[in-house]
Amino acid sequence: GLLAAAAAAGLASQPVAAETIGGVPDNILPLMVCTACERVVDYLNKHFLSGWIQAEQKWTKKFKGHLKGVVSDHSCANPDVFPGNNEMYRTGCVVFTKRHYKQLERGVAQRLSSKSEMYQEDLVPEEFCQEIHACPNKLRSLETQLHETQRKHEHENP
């Protein structure tokens, strides 16, 4: 399960904290926030940003309001991004959107503003989430850690 994966990733070796947010121990919360960031950014990038770039959508105040609706409709409550029955994922996503929405908005704005150096570039989930400190200290999302663990295991046990 999730905790076994976190233990495999070496996160369980941290002292167990008494504090929890939304049922998520605070030593696991950074992993869940990082996972939420990478999933939300990846989904936005694939399902929305690429189309906006192709349509040469410009950043406007009206579009800023549209983005807020897209993010609220297509992140934490989206079963394609998060399993609806998993409180740890949902809490990580809610905390991510509360803490990092303005940075996510700025990231999209930069890609839709012709004066920006990042105009029409993709939002790369791993890079972007590190940049905005949703994945601090090179923390990797759950999927990335599991993928690396599987790859290492396959390499060691051919």
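**Exercise 1.** Determine which residues of H2 meet which residues of H6, and how the two helices are oriented.

*Solution.* Leu-31, Thr-35, Glu-38 and Arg-39 in H2 meet Leu-142, Glu-143, Thr-144 and Gln-145 in H6, where contact means heavy atoms within 4.5 Å. By class, two nonpolar, three polar and three charged residues form this contact of H2 with H6. The model is predicted, and local features need pLDDT of at least 70, side-chain atom pairs count only at pLDDT 80 or more, while totals for chains, interfaces and linings use all residues. Residues are numbered from 1 along each chain as its sequence is written, and side-chain values use heavy atoms, with hydrogens and water left out.

Next, consider the axes (lines fitted to C-alpha atoms, for helices over the stretch in contact, with angles from 0 to 180 degrees between N-to-C directions). Those of H2 (residues 29-54) and H6 (residues 142-156) come within 8 Å and cross at roughly 95 degrees. H2 and H6 are therefore roughly perpendicular to each other, a label given to angles of 65 to 115 degrees.

**Exercise 2.** Describe the largest nonpolar core and the surroundings of Phe-96.

*Solution.* This core (buried Ala, Val, Leu, Ile, Met, Phe, Trp, Tyr and Cys residues joined through side-chain atoms within 4.5 Å) has 41 residues, and Trp-52, Phe-96 and Leu-104 have the most contacts inside it; buried means under 20% relative accessible area, with a 1.4 Å probe and protein chains only. The elements giving two or more residues to the core are H2, H3 (61-73), H4 (87-112) and H5 (125-131), and H2 supplies the largest share, 15 residues. Leaving aside neighbours within four places in sequence, Phe-96 is in contact with residues including Val-33, Ala-36, Cys-37 and Val-40.

Definitions and conventions. Helices (H or I, at least four residues) and strands (E, at least two) are DSSP runs, numbered from the N terminus. Angles under 35 degrees count as roughly parallel, over 145 as roughly antiparallel, 65 to 115 as roughly perpendicular and the rest as oblique. Ala, Val, Leu, Ile, Met, Phe, Trp, Tyr, Cys and Pro count as nonpolar, Asp, Glu, Lys and Arg as charged, and the others, Gly among them, as polar. Buried means under 20% relative accessible area, exposed over 50%, partly exposed in between (1.4 Å probe, protein chains only).
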